[in-house]
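Thanks for coming. Please have a look at it first.

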Amino acid sequence: MQTIVTDLPEEAAWFLNRGGIVAFPTETVYGLGADAFRPEAVAGIFTAKGRPADNPLIVHVQSPDRIDEVASGINNHALALIARFFPGPLTLVLKKNGSVPDIVSAGLPTVGVRCPSHPVAAELLGHCNHPVAAPSANVSGRPSSTDWKAVYHDLGGRIDCLLRGAPSTIGLESTIVDCTVDPPLLLRSGAVSLESLLQVVPDLQVATTCKPGETPKSPGMKYRHYSPEASIVLVVESPKAFDPGHPTAWIGLSAPPEGAARCMVCLSPEEYARVLFGFFRTCDAEGIRTIYCELPPETGIGRAIRDRLFKAAGK
Ligand code: TXA
Ligand code: MG
């Protein structure tokens, strides 16, 4: 399949409106979209990514007033979160309505809904006559794509169109809150922090990590995610120096030990989040064998960084 690369949201929407699959920028990570109401188009996403069929997709809508195209019975917790955080890097799990095909929700009675704040994504959605189901635009198991070149590397030749935009400014996937349970449950950490969610929903609970054999609250929680080919070492106490004979990289907020073949010292947790997945990909391209990742403090976006690092390390 030929992948058309374009800068024009209208051209990308042309493909979506005809049942094609299209990668597009959002403020979190790039998404891989299809018409949420066409099961055969959505099936193309699972094939292109190699995604397990039991992992549901997030549905993207252009504005909060279009949520009722996919969800119903929206309760007060959800209304408060929508009022405070939409559009933005937050996904709400809501009761789905009958128009959402089972392939989107992986057979669940619920649907994840997000309204991106990214202007190019908003323009794209505005040209579509339907909501857009979209997971992250990477091959399943690989780090999410935060720039169009990463999307092309993973999916070029496997999708109809790639809408090119600037690199994602947040760099980690959206925060997910399940609003179908009372109290609501934080399923995935992201740029909308636990602290800011608690200001709106003081009794919010945090989902515990799923142990082997348990049914996860969010199907995606059971898959190993975000992994580069290199092995990940979570740094609690930094080694003094690396073995120069072993290609090793370092990413964190502090200065690296001596001997790193590549290193990235971030000035803030926000920068750490923005560059992390791109750093993983660069390390793979350069044949780095081990990436030492410093754990940031567990506040603000630090909680989401730690979550992705634990998953990348297979913990
Ligand atoms: O920032 C993001 O959320 C990006 C951009 C493209 O919007 N999308 C994204 O999608 O990260 P994906 O498919 O990579 O991750 C979606 C996660 C999965 O872990 C999935 O299991 C969970 O959301 N999910 C989707 N629908 C759900 C539902 N109805 N109930 C529970 N979890 C759900
Ligand atoms: Mg993903």
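Contact here means heavy atoms within 4.5 Å, and helices (H or I, at least four residues) and strands (E, at least two) are DSSP runs, numbered from the N terminus.

Before going on, some ground rules. This is a predicted model, where local features need pLDDT of at least 70 and side-chain atom pairs count only at pLDDT 80 or more, while totals for chains, interfaces and linings use all residues. Residues are numbered from 1 along each chain as its sequence is written, chains are lettered from A and ligands numbered from 1 in the order in which they are written, and side-chain values use heavy atoms, with hydrogens and water left out.

Back to H9, residues 302-312. Eight of its eleven residues are buried, that is, under 20% relative accessible area, with exposed meaning over 50% and partly exposed in between (1.4 Å probe, protein chains only). Among the buried ones are Ile305, Leu309, and also Arg306, Arg308 and Lys311. Just after H9, Gly314 has a positive phi of about 75°.

Now the domains. The assignment, which is automatic or from a database, gives domain 1 (4-206) and domain 2 (231-312). Their centres, taken over C-alpha atoms, are 27 Å apart. Domain 1 puts 24 residues into the contact and domain 2 puts in 15.

How much area is buried between domain 1 and domain 2? About 1,500 Å², with 53% from carbon and sulfur atoms; this is accessible area (1.4 Å probe) that two parts lose on being put together, summed over both. On the domain 1 side, Pro143, Leu172 and Ser189 lose the most, together 36% of what that side buries.

Three salt bridges are counted between the domains, each a side-chain nitrogen of Lys or Arg within 4 Å of a carboxyl oxygen of Asp or Glu. Separately, Arg142 and Asp284 form a salt bridge through their side chains, at 3.0 Å, N to O.

Last, the cysteines. The structure has zero disulfides, a disulfide being a pair of cysteine sulfur atoms within 2.5 Å. For Cys115, the nearest cysteine sulfur is that of Cys128, 13 Å away. Cys115 counts as buried because its relative accessibility is 0%. Cys179 is likewise in no disulfide, with the sulfur of Cys115 nearest at 15 Å.
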